[in-house]
Amino acid sequence: MEWHEERHERADERIAQLDDRLWAVATALHERPELSYEEHAAAGRLTRELAADGFEVETGVAGLPTAFVARAGSGRPCVALLLEYDALPGLGHACGHNLIAAAGLGAALAAREVLADSPGSLLAVGCPAEERGGGKVALAEAGVFDDVDAALTIHPGVHSWSWAPLTAQVELKVTFHGRAAHPTGDPEAGIDALAALIQVFGAVSVLRQRLPAGSHVQGIITHGGEATNIVPDRAEGRFGLRALTAAALDRLAEDVGTCAEGVALATGTKVDVERLGRGFAHFRDNPVLSERFTEHLAACGIHATPPVPGVYLGSSDIGDVSVRVPAIHPFVGITAEEYAVHTEEFAAASASPRGRSVMLASAAALARTAIDLRTHPALVSRAWDYFREQERNGR
């Protein structure tokens, strides 16, 4: 125990030494926000910082120019620290990804120094496009996490929660095909595709009444015709679907497709239902790891609680990592709870003194957790045992 505590103290000391350097990175990203897949300055800054401290850096991973993997050591156990750094259109870092990047960077630099004489490897994985596109999905499919034993990250929030209730998500495109006609000259010749699409919204509203907790459908019309004096022969809508698990999401997608097909049969239209991309898997928390991280975060002065039951804050590509390897994704509050992410107030908080203190505490807790995993094989085994139990139970 004393041996572990000594390593934790060394990590804390290193984080304190890195304070100004990490905050300079966080503020540089905040002052120059870059959108998904365009994070060239952020990726460049982070890879330079990692290379300067001895990490071997590979860029352009998974065919993504702004993705990278920085490695220290070799073999297993292998711990991956996940860095995000994309911003939002018009709002900048209103999701606090500049703090995620800086916290992950600090944890990587501190853990590498402390673990220099320990077996195994440490990765700092640069994950672009969390806000739009899902860079982690591409990284996972490219095999980046195939030999990883634990994936660790944090996310700024309005709560401090030990894990994130994030649902599986996918978007459907529903396209109706009818027949154009003049609405008064020969209305009987027309088949109104838009009217059919509108009927789907009614069917979905009925479906929504019996959806289980965590499931949701939200739709918009993206094409509804060309002119008011032409019966629309094509109408298109998009529906965002969420569910507690990937299996539940598949069932929900089938139900929405059935609604559309039923409307097509009733209206004489034809309909195409298409999944847009693969979507995101649900987040599978690993309590073996998240409880250990929460203990370390408390030692750094921030006390996280379990999430409020029944509250689902969205979806993220971290889900696609968490269904492959044991993972954590806690929320750490940087504002009062009456605020919300993706707002101007949250963007300001991402460059605030509280944001700085949360970033440093998170970096220290991440570094401590990584150290525990690299130096305590039984912890890795317990995390994998729990992970496999979740798989067997379909969670």
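User: What stands opposite V69 in β4?
Analyst: V125 does. This is a predicted model, where local features need pLDDT of at least 70, side-chain atom pairs count only at pLDDT 80 or more, and totals for chains, interfaces and linings use all residues. Residues are numbered from 1 along each chain as its sequence is written, and side-chain values use heavy atoms, with hydrogens and water left out.

User: How many bridges join β2 to β4?
Analyst: Seven, and the two strands run antiparallel. β2 covers residues 68-74 and β4 covers residues 120-127. Strands here are DSSP runs of E, at least two residues; helices are runs of H or I, at least four; both are numbered from the N terminus.

User: What order do the strands take in that open sheet?
Analyst: β1-β2-β4-β3-β5-β11, six strands with mixed pairing. Two strands pair if DSSP finds at least two bridges between them.

User: Which strands stand at the edges?
Analyst: β1 (56-59) and β11 (327-328). Each has a single partner strand, so one side of each has no neighbour in the sheet.

User: Which residues of α6 are buried?
Analyst: Among them are A248, L249, L252 and V256. Buried means under 20% relative accessible area, exposed over 50%, partly exposed in between, with a 1.4 Å probe and protein chains only.

User: What do they pack against?
Analyst: The buried residues of α6 pack against β7, α5 (193-208), β8, β9 and β10. Contact means heavy atoms within 4.5 Å.

User: And just after α6?
Analyst: G268 takes a positive phi of about 75 degrees there.

User: Now T369. Where is its place?
Analyst: T369 is in helix α10, residues 353-375.

User: Why does T369 count as buried?
Analyst: Because its relative accessibility is 0%. Leaving aside neighbours within four places in sequence, T369 is in contact with L152, R292, F293 and H296.

User: Last topic, the lining of the largest pocket. Which strand gives the most?
Analyst: β10, with five residues. β6 (155-157), β7 (168-177), β8 (216-223), β9 (234-243) and β10 (270-280) each supply at least two.

User: How do the lining residues divide?
Analyst: Into 18 nonpolar, 16 polar and six charged. Ala, Val, Leu, Ile, Met, Phe, Trp, Tyr, Cys and Pro count as nonpolar; Asp, Glu, Lys and Arg as charged; the others, Gly among them, as polar.
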